[in-house]
Each structure stands twice: as structure tokens, then as C-alpha cells.
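Reader: Got this one open on my screen and I'd like to talk it through. Can you start me off with the ground rules?

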Amino acid sequence: KKKARVSCSLPKPSWEERLANAVTPLWRLPYQEQLQVKYGSQRKILQTLASRLEELGIAAQKPGGLCCPLQPVVPSPIINGYRNKSTFSVNRGPDGNPKTVGLYVGTGRERNIVCVKANHVENIPLKHKQVAQCYEEFICHSPLDSCILFHEGGHWRELVVRTTSCGHTMAIITFHPQQLGQEALATQKALLKEFFTCGPGAVCGLTSLYFQESTMTRCSHEQSPYQLLHGAPHIFEELHGLKFRISPDAFFQVNTAGAEVLYQAVGELCQAAGDTVLLDICCGTGTIGLSLAHQVSKVIGVEVVEKAIEDAEWNAAFNGISNCEFHSGKAEAVLPQLLASWEDARPLVAVVNPARAGLHYSVVRAIRNCRSIRRLLYISCKPEGEAMRNFLELCCPPAPQKKLVGEPFAPVLAIPFDMFPHTVHCELVLLFTR
């Protein structure tokens with residue numbers, strides 16, 4: 001007799017599980033196991049860096065094949081709901097609703113994108129989920145379509161929610177104007193404001209409601225100004241006893257409690273004496289430099305986002321910190337000019353905290369060619385990406401043909417910080433000296 005086939009296929013995961021697996025792939029693991037996984041991935045990155053340095057003729061192997069000692073991953077003080085900024089998309093949900101507000105499962109390349117509500121995602125706080133739900137309720141009652149593909153029309157797009165430990169909540173709504181005139185746009189803005197101040201959305205208790213008309217995937221304030229529809233123009237956060245003002249597009253570490261731990265360690269690694277000048281590259285709203293201003297003689301911050309520099313200057317003045325100066329502009333434009341004529345005899349320590357794209361080559365070259373910089377802290381949320389190119393540029397032998405004539409740096413210590421529990425990402429602090 002033929003044996004009956006027994007099906008042992010596992011049940012298909014729910015959309016909520018698929019989203020959690022995509023956004024927070026470690027969510028099923030106990031937290032200590034998550035830290036072990038992250039330690040292993042950071043170890044591989046340092047092994048790769050050691051191998052790449054050896055290819056350049058630099059003997060960099062340390063025990064375990066690493067380029068420098070690796071400390072254990074520093075845990076996050078908060079594990080769930082730690083994000084202070086969330087970006088929600090608008091697209092078709094599993095039920096076909098084209099006005100679903102959530103996060104993506106699938107990819108554009110595979111053309112299988114589905115927008116799933118983020119109600120069960122563990123790293124997003126309840127307040128963010130509440131604002132997202134209210135925004136979905138608003139656009140579902142709107143006669144205007146969502147903008148899924150620019151060339152197909154539609155208007156309602158992304159929602160960004162920012163919160164602080166002070167209890168402030170900022171919502172930024174992105175809207176594609178298409179062919180709408182100013183009167184029609186004014187109507188939509190008035191309806192949004194009414195919904196979030198007097199209607200069902202009032203439950204969110206928004207501190208700030210912003211509206212941005214955007215014809216691109218991402219627009220800066222300079223490209224398309226953020227329009228304040230309701231409330232205060234800024235929200236405020238407290239860090240290391242200081243108060244920080246945050247504009248809609250200003251960078252701020254996504255895990256505030258984790259940032260306090262990170263900046264404390266950065267201050268210790270800088271080994272800054274009272275006469276030290278701290279160069280804070282990609283400084284955002286000035287959080288690192290201002291947090292360390294009390295232990296150095298001067299802080300110089302450089303940041304491309306103009307509004308963030310305005311925040312940094314306000315933050316310094318409000319907190320009574322007078323030994324800081326901030327420069328607005330691309331680091332590759334500002335820094336070479338700043339360092340080319342550097343004749344200050346005081347010790348100079350550099351801290352760089354770039355976006356995932358890493359530092360422009362001219363920034364690395366300016367750092368390398370400035371003899372006064374003997375100590376450099378590189379903070380990266382993706383050290384295996386473009387940051388790896390920067391590491392090699394900092395450590396490679398002098399290359400006169402590339403105008404890289406300064407003495408090379410060497411990695412001496414690596415400390416990972418878990419700023420992103422439940423995800424595979426870490427914030428790696430790599431200390432270079434020469």
C-alpha cells in the first residue's frame with residue numbers, strides 16, 4: 001500500500017510577522033543573544049579591515065585576525081520603543097487599501113511591495129504608532145489619492161514622527177502637489193490642521209505639525225521649505241543635563257538613552273585635556289560637541305544642514321556654552337579651508353559621525369594632512385559600507401599623487417554600541433591614532 005503523504009509545511013507567517021522579520025530581524029532572540037550576534041558581525045568587519053590593510057602592505061593583524069582590540073557590545077539602556085524618529089510610508093496594504101500608512105515588506109525591484117501597519121514592531125514607540133493611525137484615518141477620508149508613483153498622480157505621501165523624552169511630538173507630512181493650485185493646497189493644509197487640533201487626531205497632542213510639498217523622494221528644507229501648520233517650530237530634548245532644540249530635518253541620534261551612553265564613552269576616548277580643541281565633523285545639532293564642551297578649550301562643529309547649525313548655535317547659547325563655533329556647509333568644502341591654515345598649537349582631536357555614505361575623500365585628505373590631529377574617533381552606523389573606504393584612506397601609506405601626504409593613522413580600539421535593538425545594526429566607535 002502506498003503511504004499517504006503527510007504535509008509538514010509550516011504555516012505562512014502573518015503580515016505582521018513578515019514586517020517584524022524585515023524591520024527587526026532579531027526580535028525573536030533574547031536580548032543577550034542579540035548582543036552576541038552583533039559582536040560576531042562587528043568582529044567580521046574588523047577582520048575584513050585587517051585583511052584590507054595587509055593588502056596595502058600594513059601589518060595590522062592582532063589576536064583573532066582583528067585590526068585592533070574589540071570590546072563587547074555596549075547594551076542599549078532601552079530595548080523596546082526606543083526610536084525617537086520614525087518614517088512611515090503610504091502605499092497599498094495587504095487588503096489592497098492604497099492609503100495604508102506603515103512600513104514596507106518587499107522591494108521595488110521585485111515589484112512586490114506591500115505596506116504593513118507597524119503596530120507590532122517593537123522598536124517603534126506607541127506614540128508614533130498612534131500618529132500613524134490617525135494620519136491613515138485622515139487620508140482615508142480625503143477625496144485626494146495617495147501618491148504611490150509620482151508619474152501616476154496622487155498626493156498623500158510620507159509621515160515622519162519625532163518625539164522626545166520631554167513629551168514633545170512633531171509630525172511632518174509630505175504631500176505631492178501635482179497640479180493643485182494655491183487655494184486647493186491651502187484647503188488641504190487647513191483640513192490637516194483641523195483634524196490634528198480639533199478632530200480625532202487631537203488625541204496625539206502634537207507639539208508641532210509640519211507640511212512639506214515635495215515632488216521628489218526626499219527634499220531638504222532648502223529644496224522645499226517645511227511649513228509649520230500648528231504649534232511650536234521646534235521640539236526639545238535633554239541630554240547630559242543640556243537642552244537641545246531640534247528642527248524638522250536636523251539629525252539627532254535615534255536612540256536618546258543610547259546616545260547618552262555613546263557620548264559619555266566618546267568623551268573618555270578623546271582623552272581631551274583642558275587645552276584641547278575638539279573638531280566635531282557632521283555635528284548635527286551639536287550634541288557631541290556641546291556634551292564635551294566642558295572638558296575642552298574649544299569646540300568647532302561642521303554640518304551641511306543649515307537648520308541644524310541654527311539649532312546648534314541656539315543650543316550653545318541657551319545652555320550658556322561660549323567655547324563653541326559652528327560652520328554650515330558641506331564638510332568637503334568647509335574642512336579643507338579650516339585646516340589648511342591651522343596653526344593653533346593646542347592639541348586637536350577630531351570626532352566624525354557621518355551618514356552612511358561616509359566622508360568625502362577631500363575631508364579624509366584634510367584630516368590626514370593636518371599634522372595637529374593625532375587622535376580621531378570615527379562613529380559609524382554602517383562600518384562595513386562606505387565607512388570601510390574611509391578607514392583605508394585614513395590608514396594607507398602616503399600617496400602624493402592623490403595629495404595624501406600626511407602621516408597615516410592606525411586603528412587602536414573598537415567599541416560597538418547597540419543603538420538599534422532588535423535590528424542587525426550597531427554604532428561602531430573606532431579610535432585611530434598616529
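Author: Helices (H or I, at least four residues) and strands (E, at least two) are DSSP runs, numbered from the N terminus. This is a predicted model, where local features need pLDDT of at least 70, side-chain atom pairs count only at pLDDT 80 or more, and totals for chains, interfaces and linings use all residues. Residues are numbered from 1 along each chain as its sequence is written, and side-chain values use heavy atoms, with hydrogens and water left out.

Reader: OK, which residues does UniProt list for "binding site"?

Author: The unreviewed entry lists Q253, E303 and N353. UniProt positions are in the numbering used here, feature names are shortened, and annotations may be inferred rather than shown by experiment.

Reader: Where's E303 found, and is it buried or exposed?

Author: E303 is in strand 11 (residues 298–303). With a relative accessible area of 8%, E303 is buried (buried means under 20% relative accessible area, exposed over 50%, partly exposed in between, with a 1.4 Å probe and protein chains only).

Reader: And what is E303 in contact with?

Author: Skipping neighbours within four places in sequence, its contacts include C282, C283, G284 and H327; contact means heavy atoms within 4.5 Å. A polar atom of the E303 side chain also lies 2.8 Å from the backbone nitrogen of G284.

Reader: What about N353, where does that lie?

Author: N353 lies in the loop between strand 13 (348–352) and helix 9 (361–369). N353 is buried too, at 8% relative accessibility. Not counting residues up to four places away in sequence, N353 touches several residues, among them Q253, C282 and E427.

Reader: Switching topic: how many salt bridges are there?

Author: The count comes to 11 salt bridges, each being a side-chain nitrogen of Lys or Arg within 4 Å of a carboxyl oxygen of Asp or Glu.

Reader: Which residue forms one with K298?

Author: That's E325, with the closest N and O atoms 3.0 Å apart. K298 lies in strand 11 and E325 in strand 12 (residues 324–328), so the pair ties together parts that are 27 residues apart in sequence. K298 is partly exposed at 24% relative accessibility, and E325 is partly exposed at 27%.

Reader: Which residues do salt bridges that share partners join into one network?

Author: E386, R389 and E393.

Reader: And K117 with E136, what's the N to O value there?

Author: 3.2 Å, in a salt bridge between their side chains. K117 is in the loop between strand 3 and helix 3, while E136 is in helix 3, 19 residues apart. K117 is partly exposed at 33%, whereas E136 is buried at 7% relative accessibility.

Conventions:
A polar contact is a pair of N or O atoms within 3.5 Å; within protein, one must be able to donate a hydrogen and the other to accept it, and residues adjacent in sequence count only if both atoms are side-chain atoms.
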